[in-house]
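Biologist: I would like to learn how to read a protein model. Could you take me through one, step by step?

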Amino acid sequence: MTLHSSVIPMNCLHYQRSVAASLVQGAYVLERDRQQNRQGSEARAPPWWESFHFEVIRKLIDDSDFSIFGAIYEYRPPASFQNSTVTKAPRFVIVFRGTITKKESVSRDVKLDLHLLRNGLHQTSRFEIAMQAVRVLVSAFGHQNVWIAGHSLGAAMVTLAGKIMAEEGMNLNAFLFNPPFFAAPIERIKDKKVKQGIRIASSFITAGLTLAMKGPRHKSDSFTKLSSWVPYLFVNQADDICSSYVGYFDHRKKMEEIGAGNIGKLATQNSVKDLFLSAFGIESESLHLLPSANLTVNSSPAPDFKHAHGIHQWWRPDIDLQSKVFLYD
């Protein structure tokens, strides 16, 4: 199942990834326990956080269907672990699960997915509850003591919450597992030259539309302000929901190499969909537009979508991972 912590290597990113993913899984199982009325000794969720010396101090409940969509954990290690090896351990971790396709929660979850597609997640009551939880903890204990983590739809909520806090000058440690990036599945194209050509053409089109609609002096101050926030992104190359992040960041570097760095940066800040909506007076900003990230890609073979998109892959020790930090300057 999960890692057990006879020692606490919290300085290790691989361990942090496993802990964060397991805590997100805990939120999934909390909701499944609720749906199946598993209580007390029959509950299956506790091992997902107890293994790492966390306790649930609050379940996050959706006000529409009363489903559990997240949890707030507090780190409570035994006295024997109170030493320098846990200096990077968070005091609190706030997590958000993704969509559960069971009748008790699927209707509300799918509605949230549709809001996400329309860039309207910030207008939902679920996100308001989530954002309030983040603000309360950060206000009381400081942003250095709080992690946020989520999977799929939950990762989108983490992205939005992290952006809001970063714009206010507080960069939270954020773990985004399979965060949605809605775009044409260019990553499926095997021919690297064709793929690169499509991306270059797309960048010039996006930059051209931006200049035409927003003017030559257009500069996204909010995008620049976000550049110091470097969330951890975990994507699977075979997952069409999130794999476009690979090309999104790699291509920006490629544009710099061919002398079109400014075009690449302008395209990075905008999406064609948002520009067209703006033309009709609808202000919209796609969540996936991020200036900086610590990107980890799982290149291990995935037999199906469930494996490529699932949270379970991220605590496995035997996966093929490549990590790279992309900073916007």
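Biologist: What does the accessible surface of the protein come to, and what percentage belongs to carbon and sulfur atoms?

Modeller: Before the answer, some ground rules. This is a predicted model, where local features need pLDDT of at least 70, side-chain atom pairs count only at pLDDT 80 or more, and totals for chains, interfaces and linings use all residues. Residues are numbered from 1 along each chain as its sequence is written, and side-chain values use heavy atoms, with hydrogens and water left out. Accessible areas come from the Shrake-Rupley method with a 1.4 Å probe, and for residues only the protein chains shown count as cover. The protein's accessible surface comes to about 15500 Å², and 54% of that belongs to carbon and sulfur atoms.

Biologist: How many helices and strands make up the secondary structure of the protein?

Modeller: Helices (H or I, at least four residues) and strands (E, at least two) are DSSP runs, numbered from the N terminus. Here there are 11 helices and eight strands.

Biologist: What percentage of the residues count as buried?

Modeller: Buried means under 20% relative accessible area, exposed over 50%, and partly exposed in between (1.4 Å probe, protein chains only). Of the 329 residues, 52% count as buried.

Biologist: How many aromatic pairs are there?

Modeller: A pair of aromatic rings is described by the distance of the centres and the angle of the planes. Rings of Phe, Tyr and Trp (its six-membered ring) pair if their centres lie within 6.5 Å; planes under 30 degrees apart count as stacked, over 60 as edge-to-face and the rest as tilted. By this rule the count is 20 aromatic pairs. Take Phe-234 and Trp-314: their ring centres are 5.6 Å apart and their planes at 55°, so this pair is tilted. Phe-234 sits in strand E6 (residues 232-236) and Trp-314 in the loop between helix H11 (305-309) and strand E8 (321-326), 80 residues apart. Both Phe-234 and Trp-314 are buried.

Biologist: Why is the pair of Phe-249 and Phe-326 stacked?

Modeller: The centres of these two rings are 5.2 Å apart and the planes lie at 25°, so Phe-249 and Phe-326 are stacked. This pair also links distant parts of the chain, with Phe-249 in helix H8 (residues 244-257) and Phe-326 in strand E8, 77 residues apart. Phe-249 is buried at 1% relative accessible area, and Phe-326 counts as buried at 7%.

Biologist: Which residues do ring pairs link into a cluster?

Modeller: The cluster holds Trp-147, Phe-175, Phe-177, Tyr-232, Phe-234 and Trp-314.
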